[in-house]
Amino acid sequence: SEDVVAVPVGTTLDRFIKRQQQASPAATGELSQLLRDIALAAKIVQREISRAGLLAVTGSFGTENQHGEAQQKLDVIAHIRFLRALRNGGEVAAVVSEEEDQVIHTGNPGSKYVVAIDPLDGSSNIDVNVSIGTIFSIYRRQSQPGTPAVEADFLQGGLQQVAAGYVLYGTSTLLVYTTGQGVNGFTYNSSLGEFFLSHPTLTTPVDGRIYSCNEGNIVDYPLAIQQFITACQQARFTARYIGALIADVHRNLLKGGIYLYPATQAAPAGKLRLLYEGFPMAFLIEQAGGSATDGQQRLLTKPISTLHQRTPLIIGSTQLVDLVTQQNKLLL
Ligand code: AHG
Ligand code: MN
Ligand code: MN
Ligand code: MN
């Protein structure tokens, strides 16, 4: 029949990227190459992760990052691997990473993109063989290519993202990303060394029955959020919390549900970082038909003023996110 799916399941990531590029006449191929560089780094990191227990790369590295967190060896390894791939790929002028406080110049000032990354999300899961991930966010720089990229290139705001996505190193490795035209997911076939389209045009249910938060902190949460969680319990929702933002949001993306990381006593502005955790996940979830707020406003329009700024995050199925955000605003 004529009823052909444009991009069939099983298409390689490379071919998919190429088709997307061909479909947009203005594309120069630079973003396509950048996405391939990210996929390459993801393969390398997935290889390190899958052998972590054998390579003696578990445990802490003995240093702290600018957030005062003990860096795990794999935090540092993932940071180095992604940086190297982006540097060698040549399509990125500068990178901001969770693991380094300053803008990192790649030596490619002529490039027109900058990338913000959380190289390894869910660090506390590394040593216990539980899912971890990588988050990335891509901006077209505002400063002139040829000159060094500047902080302002990263502080354009969530709506200016050109592409965003994550790699989930779970029971299988999955790369999920958006360029603003929906969300697609690719599963890694390690014996072939390729990502294949496995989750075309991902959409998230508008409602759901899973809630995900660190319930040990519930007494610190704003009253409206405490009440919302009590209501979830009374309605016999399922509680699921992996402790890696990506894994929790990915599950809820597929099944419907809500993830909350509100402000707490230990993290009065929230724990998650706006630039490389909040914005990319919010862009992607909105592209899948879901919503994300900071408890008061749409996350993508939240003003950003510093590279490592934190934010409360409520993300997932639109009906749940809207409900708790409305209630929270009323009680403020
Ligand atoms: P990271 O490992 O990149 O520092 O991020 C950790 C984040 C996020 O992945 C996760 O959802 C959250 O921290 C878990 O925090 P708690 O241990 O406080 O629940
Ligand atoms: Mn960390
Ligand atoms: Mn993280
Ligand atoms: Mn991290």
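**Ground rules.** I am working with a predicted model, where local features need pLDDT of at least 70, side-chain atom pairs count only at pLDDT 80 or more, and totals for chains, interfaces and linings use all residues. Residues are numbered from 1 along each chain as its sequence is written, while chains are lettered from A and ligands numbered from 1 in the order in which they are written.

**Whole chain.** I looked up the secondary structure and found 9 helices and 17 strands (DSSP runs numbered from the N terminus: H or I of at least four residues for helices, E of at least two for strands). The C-alpha atoms fill a box of roughly 60 × 50 × 45 Å along the principal axes. I find 47% of the 332 residues buried (20 or more other C-beta atoms within 10 Å; exposed is 12 or fewer, partly exposed in between; C-beta atoms placed from the backbone).

**Helix 1 on helix 2.** I took helix 1 (residues 13–23) and helix 2 (residues 30–50): their axes come within 10 Å and cross at roughly 165° (axes are lines fitted to C-alpha atoms over the stretch in contact; angles run from 0 to 180 degrees between N-to-C directions). That makes the pair roughly antiparallel (over 145 degrees; under 35 is roughly parallel, 65 to 115 roughly perpendicular, the rest oblique). Helix 1 contributes Leu13, Asp14, Ile17, Lys18 and Gln21 to the contact, and helix 2 contributes Ser32, Leu35, Arg36 and Ala39 (C-beta atoms, placed from the backbone, within 7 Å).

**Helix 2 on helix 4.** I then checked helix 4 (residues 73–89), which packs on helix 2 at about 150° with the axes 9 Å apart. Helix 2 and helix 4 are therefore roughly antiparallel. On helix 2 the contact includes Leu40, Ile44 and Val45, and on helix 4 it includes Ile77, Phe82 and Leu86.

**Gly182.** Where does Gly182 sit? I found Gly182 in the loop between strand 8 (173–178) and strand 9 (183–189). Gly182 counts as partly exposed because 13 other C-beta atoms lie within 10 Å. Leaving aside neighbours within four places in sequence, Gly182 contacts Thr201 and Gln287. I also looked up His308, 126 residues from Gly182 along the chain: their C-alpha atoms are separated by 27 Å.

Note on methods
Contact = placed C-beta atoms within 7 Å.
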